[in-house]
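Me: Could we go through the helix packing in this model, and then turn to the ligand?
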Amino acid sequence: MSDWPSHGGRPEQVLPRLGLAAERSVTDFSANLNPLGPPSWLAQWIAAGVAELAVYPDPDYREAREAIARHEGLAPEQVRLTNGGAEAIFLAAALLARRGVGRALIVQPTFGEYQRACHHYGIEVANFALVEECFVLDEARACEAMREAGALFLCRPNNPTGTLVERELIERLLAEGQRQGTTLVVDEAFVDFVIRDERLTPLLARYDNLLLLRSMTKLYAIPGLRLGYLLGSAEAVGSIAQLQPPWSVNALAAGLVAPLLSDHDYLTQTRAWLDAERPWLQGELEALGLSVVPSHANFLLLRHGGARSMTALLEHLARCGILVRHTHNFIGLEGAWLRVAVRSRPENRTLVEAVARWSAP
Ligand SMILES: Cc1ncc(COP(=O)(O)O)c(C=O)c1O
């Protein structure tokens, strides 16, 4: 099953595997992007900023970092702007390798890039499984396992389960990490979708063994533009600055940071949409016999309450013009589950109707 694409949002790779034309038009539930699309002012903003492409961006991205620092309540020295959350992951691994970390624990099932980044920098990986079905973290086992590792990678809310390790438990892991010399790398790529404000930023004041990774591409639906950032102690962020290739973020993306962060209406609309749609979609899918993991994010992990094959459902949906995310390359899931993004009500309804046709006796 290794030739399944390793990320969502690639219909042209999945459809031919299912015997369907690569160019067939589908509604994409396989990538976890905000269905509101980029803020309405963005296209015009970019058109007006095209002249900036003729000039090198500030290699330190001072303005963008100051905007993020204000937004997060941190000093600019604690912020590094990155080319999406993906670059932040690789920079975190580069820092760990530079500090001599030889072994990292990755809380699974989760986003595959932590493993790739560790391997890229010669860091050995040990997988730490969440408790099956409910996908909670066993604290005692985690503390025990941390003894053998210089770093722990954890995603919150977690892709693909949508589960959120609570802040108090993270704090206890950080305290344990301080005793044992373990750094926690917490990827909060989806945290801005969480209805309650759950960000871990305040913990940076007390724990210098915490690195936080963020993505702006999901929330603002700009995966083609790429934007993310990394937060940590001034010392860690200073070292990361030395490891980052120069000008890795383009001028338009960097210039967008401040206006995006100050668009409060967009965030309010996003949260109102998710607040309404996630419970609705979950309820409808459960009523059709699917088990859905309770999610804090903008996607749902599900499987059949009986034993029906999720690959069969994925194929059925693709034939109905709906692409969902397979789980063949999520460690511990191996295709037995599917992940679906929460989209607009009409799109979610189309998904539910297609699942109903598959579920009908
Ligand atoms: C958990 C997680 N972190 C980071 C990323 C990468 O984000 P970006 O597109 O901003 O590089 C993804 C993308 O799917 C993700 O799921």
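Me: At what angle do the axes of helix α4 and helix α5 cross?
Reply: This is a predicted model, in which local features need pLDDT of at least 70, side-chain atom pairs count only at pLDDT 80 or more, and totals for chains, interfaces and linings use all residues. Residues are numbered from 1 along each chain as its sequence is written, and side-chain values use heavy atoms, with hydrogens and water left out. The axes of α4 (residues 84-98) and α5 (residues 113-120) cross at roughly 40° and come within 9 Å; axes are lines fitted to C-alpha atoms, for helices over the stretch in contact, with angles from 0 to 180 degrees between N-to-C directions, and helices are DSSP runs (H or I, at least four residues) numbered from the N terminus.
Me: Which residues of α4 and α5 meet there?
Reply: Ile89, Phe90 and Ala93 of α4 meet Glu113, Tyr114, Arg116, Ala117, Cys118 and His120 of α5, where contact means heavy atoms within 4.5 Å.
Me: And how far apart are the axes of α10 and α12?
Reply: The axes of α10 (residues 264-287) and α12 (residues 345-359) are 10 Å apart, and the helices pack at an angle of about 10°. α10 and α12 are therefore roughly parallel to each other (angles under 35 degrees count as such).
Me: How far is a ligand oxygen from an N or O atom in the side chain of threonine 217?
Reply: That distance is 2.5 Å for threonine 217, while for serine 215 an oxygen atom of the ligand is 2.7 Å from a side-chain N or O atom.

Note on methods: Helices (H or I, at least four residues) and strands (E, at least two) are DSSP runs, numbered from the N terminus. A polar contact is a pair of N or O atoms within 3.5 Å; within protein, one must be able to donate a hydrogen and the other to accept it, and residues adjacent in sequence count only if both atoms are side-chain atoms. Angles under 35 degrees count as roughly parallel, over 145 as roughly antiparallel, 65 to 115 as roughly perpendicular and the rest as oblique.
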